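Hi,

Here is the structure I promised to pass on to you. Have a look at it first, and then read my notes below.

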Amino acid sequence: MKSQQKKYMIEISQKEIEELRNSVKATSRKVMAENIARMKKTSKNRPKAMEYFDEVADLFGKREKEIQAAKESGKKVIGYMCLFAPIEMILAADAIPVRVNSGWYDTSKLGDRIVPVEVCPVIRSTIGAKMIGLSPYLELSDALISVLTCDGMTKLGEILSDYKPVWAMPIPRVKDSPQSLRFWRDGLLTVKGQIEALTGNKITRKKLKSAIEKTQRATKAFRRLQDLRKGNPVIMGRDAMLVNQTYMWDDITRWTEKTEALCDELEEKVRRKEWACSLDAPRVMVTGTPMIWPDNWKLPTLVEEGKPQGVLVADELCSSERLLYDPVGVDEWTMDDMLDAIGERYLMASTCPCFTSKDGNVDRINWILNKIKEWNVQGVIYYVVRGCMSYAMEYTRIKKVLDGINIPVYYLDTEYTREDVGQMKTRVEAFLEMLTARIDI
Amino acid sequence: MITAGVDLGTQSVKVVILKDGSVVGRGKAFSGFDPAKAAEQAMDEALMTANLSLSDLSHVTATGASMALAPKADSTVSMMGADAKAGIFLFPKARTIIDIGAEEARAVKCDDRGVMVEFVVNERCAAGAGAFIEAMARALEVKLEEMGPLSLKAERASPINASCVIFGESDVVTLIHRQESKPEIARAVFDAMADRISSMVHRLGVNPDVVLLGGVAKDVGFVASLKRKLGIDILIPEFPEFAGALGAALTAASKAERSQK
Amino acid sequence: MVIEILGEALKLMVLAGLTIAGILTILIWKKGLATRVTYLRFVIQAAALAAFFYIFTYPIWLLIMLIVILVIPIAFGRFFCGWLCPFGLYMDLITVARKALKIRHRDLPDRLNKFLHNLRYVLLLVFLLLPVVLLLMDPLPSVQLGIVLAEVLGGPFKPMNILLGPIIPLIVPWAGPLVIGDVNFSYPYVQDIIGYTSGIYATIFPLIFVALTVIGSFMIRRVWCRFCPTGASLAVVNRFKGFKWAPALHLDKDEEKCTKCGICKRVCSVQVTDVYEQKGGKIDTSMCMLCLRCVEMCPYEGCLKLKIGGKTIFESRNWLKPSDSD
């Protein structure tokens, strides 16, 4: 340790940290409880299996204690920002992966002390959460994997390195060229070495294989859940989104089991024709900036509690359906092939707008079109938080494509704040009204 | 069948009473601190002109920013939905409907069946809405009603910033200091605002006929600027500020009809 | 005489047994009990091996071979290569051995792969013109040239001809002369020399050939298939407009379901990139052997399909279940 001088973080007194943390934590607890209560109220026939996810959704609850206990028994925790971090490697090294992007509104205001307000609120909120030590998973992680996707994420890693070791994983901006894959694979190997050094566990072929199989099972359960949303709404979109999100911090094996159980219950409901809401509710898809529990839940809430009520049947969010949709496809169970498979799963299959190709980010368009067709989506809400350039800029192209197939899309921009819910409500409800009117004709 | 529409806007509450497809009563009151009370006042006024009582109304639909506060409303409709209904009712060939209120501007695109297919909202900024003209009138020290006629006298326009009411106001002050004439500044104000509105409308595509609704539609200066900017004729109804309430009343009528069936 | 009859009976039994096994596999697969098409392929390859032994004990006209190998692929693509070719089975078994040893294959550079792919047309032309050339060069049987050709391409592997190279039936028909004009397409020179089993060529060339193919296919999957002229036919017609309908049996891709994850490219044993690169619709490539490994490994339901005519007979499924191939 040459110097304790922080590169970015401002000095803030312990007392202020305490006070801020307690007050934000209290608000957050209230918000989480309220969100869950509202989800319970909105959903008719809410599956019983959701109780588990309601419990895990408590960020300051059971799971925090579990990770704490595991840490005391010698396990390492590795946090990551962006879903490009190779979870399989973390699991293979017997460490716990947690995603640390933050969804607290209040902490984004704290982040303003370090970066200007123009910066994406997801970044500001994560910085703010770190300032006051709010996020249990961020606090518990021994190291962070920072994937250099968008500009915000790149600098976020730099800022957080004031506190923890941060391993930067540079990502090529063009996916489908051989040199990109080589570059990305080298990055994976570096991180592999770093993980091994931190945990002291070697990532062997057998261990990596069983880690891959673990996430494959999770993907299978995850896909089963998304497939159930293709038909009449048997689960509300918010419930499904919560299930998807809990993957970011829950124990993966347990999460898989519980999701399978949820799917069993939902299949039973389909058989008994117990739907979660009115079958007339317009089927909406959300795409754009990630929405992160607990605060950043306002759009799904507005859609599913709106008048008229809509139902989210699909999304293209890296905090929900993109988390696990793509599996690691291993051809031959050799170390090299597994590494290639992991590399391809994270890089190539991603639809993140930080990429481009000969044909632009055409993968994202295909994803959206496929969801619209298979999930029978009637309208798309394009959700962007202020400061999220790449998503904002891709809107024009997506709109052109969706206009071509006569699917209405609405661009909704917002901030990490509770104050604009009223205005958002007007717009979301007008959009839902429009969808209902279209369905009537 | 008699129905009513209540438009609880940010500045005033408007009520329209509709009897078998024609307007029989209108009422207006300033929102103030108690929109619910204002709504009742406006309703009373409308009922009085129509010579009806509250019990005659078979369905009341509310719209506007504070529609949730409407007393005795049977249903609600979004502002964009109400605009589309009113626009098509007033001008059956309308495809693009612009509604500029005190603090919000909206544009709605309709298809040939009169169904709203797309809309945009001037997001979270009063610079493209009536409040902007009001603030600029204040800076110019002229009455709001005089702004329009004044601007028509201008021969050329000086550019000002319409990204923000506050910055706009300081721009106007600069122009005053440069001793530009008042008509020219007034026209600059309208041009800047029309610029903002037209870029909003261009996001939907300008499909004739274009209809302008809302209180700002009464301002001749703004209408002239917007026509220049869009390069297209704009249709304006007789009582543009009541369009939202009219749309709500039309919604109420169709809802009542449906429930009768 | 008795031994011959017994031999015939044994061959028939092997053939029948393998065919039954194949049919059973298809039935099981149709019921969705088995998920891996690779296993099914092994069964069919084995059955085909038996069938070839059986067929080649009879005299075959060169013309029939030409029809089978050159005309059928127009409609069925290189289905022969992926599912029937005994030499393919030989290389696949070496691949299985390599997998068991947990050694990774090597990939050829894409450009070399494409070059070899184009080279096959030249090779095909050479082999088809060889009798004419030989006749022109030396009207009488030439021992020197003939030996080399025979030893390299077939001679000492007489009973296993078909195993070592699908081109051999083209060159060395076992019987049935075909004479058109002055050119004897039955390769009389070669046929004469097949009986020639002594000499240094008889030991060295086969050894080199076997060693090269074993090492080659151990390191590179299906190494022979990358330039094998037998599999050249499909692309020949497919390259012309108006023949796009020709491959009735072909792969089809649903653009919207594809996430470009790259799995299809990585698992392909002959490094076909078209499945990955092509936007959607019918996959036009003559490199593809329709082994269906990509369809099997594609994790997106209904993204890759095997179609015959317009009908889907096999499509990618949500396979996501830990592989049992370790």
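Below are some notes on chain A, on one helix pair in it, and on the confidence of chain B.

First, the ground rules. This is a predicted model, in which local features need pLDDT of at least 70 and side-chain atom pairs count only at pLDDT 80 or more, while totals for chains, interfaces and linings use all residues. Residues are numbered from 1 along each chain as its sequence is written, chains are lettered from A and ligands numbered from 1 in the order in which they are written, and side-chain values use heavy atoms, with hydrogens and water left out.

Chain A has 17 helices and 8 strands (DSSP runs, H or I of at least four residues for helices and E of at least two for strands, numbered from the N terminus). Of its 441 residues, 64% are buried (under 20% relative accessible area, with a 1.4 Å probe and protein chains only).

Now the helix pair. Helix 9 (residues 178-199) of chain A packs against helix 14 (residues 335-347) of chain A at about 110°, with the axes 10 Å apart (lines fitted to C-alpha atoms over the stretch in contact, with angles from 0 to 180 degrees between N-to-C directions). Helix 9 of chain A is therefore roughly perpendicular to helix 14 of chain A (65 to 115 degrees).

Finally, chain B has an average pLDDT (the predictor's confidence in each residue, from 0 to 100) of 84, and 96% of the residues score at least 70. Confidence in chain B is lowest in helix 5 (residues 165-177) of chain B, with a mean of 78, and highest in strand 9 (residues 210-213) of chain B, at 92.

Best wishes

Definitions and conventions. Parallel < 35°, antiparallel > 145°, perpendicular 65-115°, else oblique. Buried < 20%, exposed > 50% of the residue type's maximum accessible area, 1.4 Å probe, protein only.
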